[in-house]
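Subject: Structure handover

Hello,

Here is the structure for you to look over. My notes come after it.

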Amino acid sequence: MAGSVPNIVFNNGKTIPILGLGTWGSPPGEVTQAVKDAIDIGYRHFDCAHAYENEHEVGEAITSKIAEGVVKREEIFVTSKLWNTFHRVDLVEGALRATLKNLKLDYIDLYLIHWPMGYKEGDSLFPKDENGIFYRSDVDYLDTWKEMEKLVDAGLAKSIGVSNFNARQIDRVCESARIKPVVNQVECHPYLTQKKLSEHCAKKNIFITAYSPLGTPNRPWAKPDDPKLMDDPKIVSIANRYGKSSAQILIRYQIQKGHIVIPKSVNKNRIQSNFEIFDFKLSDEDIALIDSFDCNGRYLMLEWDFGHKYHPFEHDEY
């Protein structure tokens with residue numbers, strides 16, 4: 001089953017399965033079983049982050065399946081992310097070591113800077129004042145990137161990249177980097193196709209990893225009148241024509257755009273269904289139709305960070 005997922009080749013020659021399981025927002029206590037189920041189904045790529053606070057559950061699942069002989073460590077690809085409170089140069093390596101301890105791994109396959117803007121260093125992952133305003137750090141992500149490169153030198157990370165960076169920020173990293181980012185992980189779905197950013201990154205041989213490919217239907221900040229991507233009549237109509245679910249159409253769309261894609265679920269049946277997207281292909285006409293749904297419909301804007309000098313979306317930059 002795992003062999004049915006194509007690998008793509010990074011600019012450093014290493015490979016990643018184009019389809020993975022996302023773990024953001026997965027309920028505590030359910031992640032271990034979800035990852036075990038995913039491994040049994042054939043997933044070999046798992047997307048994690050320190051800020052999700054469930055890496056220990058992912059680690060338990062991977063350790064268990066390795067012990068069972070279902071997989072070997074080298075067959076599993078694990079991504080994690082450096083959180084905003086650890087941008088300061090003296091904190092970067094320790095943050096990764098904490099992640100590795102939680103995941104029960106000796107190295108991470110891909111380590112990303114989660115966001116370009118930093119928060120105040122300390123015990124809280126989300127340091128706020130009494131008005132809910134985040135305390136900020138002014139650490140330059142270029143200084144953080146230099147420490148990320150050292151993680152590769154030390155063998156702690158096989159590849160490094162960024163997440164939620166706009167085109168200008170990507171350029172800034174690439175101009176000073178000794179080791180180039182291999183991916184930029186960003187929100188990407190038919191309401192936010194990221195066409196310009198994807199083309200910009202492709203010119204630098206940087207892949208897009210699409211998070212929220214299904215429109216994050218369970219996001220806690222959703223408003224009742226927000227459009228629901230998987231219920232969009234246009235998507236449903238396409239799904240009906242192919243005899244597939246809306247989710248399968250949305251995941252297949254990202255793969256045909258050349259994006260790595262990491263749909264999230266803890267439901268075994270949905271994890272299975274989301275994996276069954278390699279037995280059909282969307283027509284060029286349907287790809288173009290889905291492209292036309294773009295409305296710059298970003299679900300995750302982080303308005304509370306407006307004013308931070310490294311906020312990637314405040315000025316509508318791609």
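Below is what turned up, grouped by topic.

This is a predicted model, in which local features need pLDDT of at least 70, side-chain atom pairs count only at pLDDT 80 or more, and totals for chains, interfaces and linings use all residues. Residues are numbered from 1 along each chain as its sequence is written, and side-chain values use heavy atoms, with hydrogens and water left out.

Helix H8 first. H8 spans residues 246–256; helices here are DSSP runs of H or I with at least four residues, strands are runs of E with at least two, and both are numbered from the N terminus. Ten of its eleven residues are buried, so H8 is largely enclosed by the rest of the structure. Buried means under 20% relative accessible area, exposed over 50%, partly exposed in between (1.4 Å probe, protein chains only). Among the buried residues are Gln-248, Arg-252 and Gln-254. The cover includes E11, H7 (233–242), E12, H9 (268–275) and H10 (284–291), with contact meaning heavy atoms within 4.5 Å. Gly-258 follows H8 and has a positive phi, near 85°.

Next, strand E11 (residues 207–211). Four of its five residues are buried. E11 pairs in the parallel sense with E10 (residues 183–187) over five bridges; strands pair if DSSP finds at least two bridges between them. Thr-209 in E11 is the bridge partner of Gln-185. E11 also pairs with E12 (residues 260–261), again parallel, over two bridges. There, Ala-210 is partnered by Val-261.

Now the core. The largest nonpolar core has 93 residues; such a core is a set of buried Ala, Val, Leu, Ile, Met, Phe, Trp, Tyr and Cys residues joined through side-chain atoms within 4.5 Å. Val-35, Tyr-43, Tyr-111 and Met-148 have the most contacts inside it. Leaving aside residues up to four places away in sequence, Met-148 touches residues including Leu-82, Tyr-111 and Ile-160.

Last, the rings. There are eleven aromatic pairs. Phe-10 and Phe-77 have ring centres 6.3 Å apart and planes at 65°, so they are edge-to-face. Rings of Phe, Tyr and Trp (its six-membered ring) pair if their centres lie within 6.5 Å; planes under 30 degrees apart are stacked, over 60 edge-to-face, the rest tilted. Phe-10 and Phe-77 are 67 residues apart, and both are buried. Ring pairs also join Trp-83, Tyr-119, Phe-126, Phe-134 and Trp-304 into a cluster.

Best wishes
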